[in-house]
Amino acid sequence: MKSFLASAEATEALGARLAACLEQPMVIWLSGTLGAGKTTLVRGLLRGMGHTGPCRSPTYTIVEPYEFDLLPVYHFDLYRLGDPAELEFIGIRDYLAGGGVSILEWPERGAGHLPEPDLEIRIEPCPGGREICMQGRSESGARLCACVGALEK
C-alpha cells in the first residue's frame with residue numbers, strides 16, 4: 001500500500017489511522033532517511049491512541065514506553081546503536097515478550113537481533129511531501145494494511 005502525504009499533519013493522520021487498526025502483539029519496522037517523518041508518524045499513532053503528553057524521539061534513550069489501557073506501545077530508535085548486540089543490554093527480548101506493539105525506527109541497525117516485522121513501513125521525502133509504503137509481512141500486518149486502506153476511503 002502506497003500513500004502520498006503532503007504535510008506533517010497528513011502524516012500524523014495516517015498514524016492515527018494505524019492506531020485505530022492495531023492488534024497485539026505486533027512488531028512494526030519503520031525505515032526512512034533522517035527527517036523523513038518517522039517520528040511524526042509515531043506521534044500521530046500515539047495521539048490516535050489517546051496520548052496527550054510529549055512524544056519524544058527515543059534517539060538518545062533508545063526506547064520510549066507508552067502505557068495504554070488496551071496495550072503498551074514501545075517506540076525504539078536504533079539509529080545510535082554501535083552494534084546490534086547492544087539490543088540485549090537494553091532488554092529487547094523483555095519488551096517483545098511483553099505483548100503490545102513495538103515500533104522500531106532504523107531496524108537495519110538491529111539486524112540479526114530483531115524478529116521479522118508484522119508490518120514494514122518505508123517513508124521517503126519527495127517533492128511536495130513524503131511517500132509512505134506499507135507492507136504486511138504477517139497475517140496481522142496484512143489485516144492492519146487492509147484496515148488502514150479502508151479508513152482512507
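This note goes through the fold of the chain, its overall dimensions and some of its charged pairs.

1. The structure is a predicted model, in which local features need pLDDT of at least 70 and side-chain atom pairs count only at pLDDT 80 or more, while totals for chains, interfaces and linings use all residues. Residues are numbered from 1 along each chain as its sequence is written, and side-chain values use heavy atoms, with hydrogens and water left out.

2. The chain has five helices and seven strands, where helices (H or I, at least four residues) and strands (E, at least two) are DSSP runs numbered from the N terminus. Followed along the sequence, these elements give the pattern β-α-β-α-β-β-α-α-β-β-β-α.

3. A compact globule of 153 residues would have a radius of gyration near 15 Å, and the chain, with 14 Å, agrees with this; the radius is taken over C-alpha atoms, and the globule rule is 2.2 Å times the number of residues to the power 0.38. The C-alpha trace spans about 40 × 35 × 30 Å along its principal axes.

4. Of the 153 residues, 47% count as buried, where buried means under 20% relative accessible area, exposed means over 50%, and partly exposed lies in between (1.4 Å probe, protein chains only).

5. Side chains of opposite charge can pair when their charged atoms come close. With a salt bridge defined as a side-chain nitrogen of Lys or Arg within 4 Å of a carboxyl oxygen of Asp or Glu, the count comes to five salt bridges.

6. One of them joins Glu 12 and Arg 43, whose closest N and O atoms are 3.1 Å apart. Because Glu 12 lies in helix α1 (residues 8–21) and Arg 43 in helix α2 (residues 38–48), this pair ties together parts that are 31 residues apart in sequence. Glu 12 is partly exposed at 25% relative accessible area, and Arg 43 is also partly exposed, at 25%.

7. Another salt bridge is formed by the side chains of Glu 23 and Arg 143, at 2.7 Å from N to O. Here Glu 23 sits in the loop between α1 and β2 (26–32) and Arg 143 in helix α5 (residues 139–152), so that the pair links distant parts of the chain, 120 residues apart. Glu 23 is partly exposed, at 25% relative accessibility, and Arg 143 is partly exposed at 43%.

8. The side chains of Glu 120 and Arg 137 also meet in a salt bridge, at 2.8 Å from N to O. Since Glu 120 belongs to strand β6 (residues 119–126) and Arg 137 to the loop between β7 (129–136) and α5, this pair ties together parts that are 17 residues apart in sequence.
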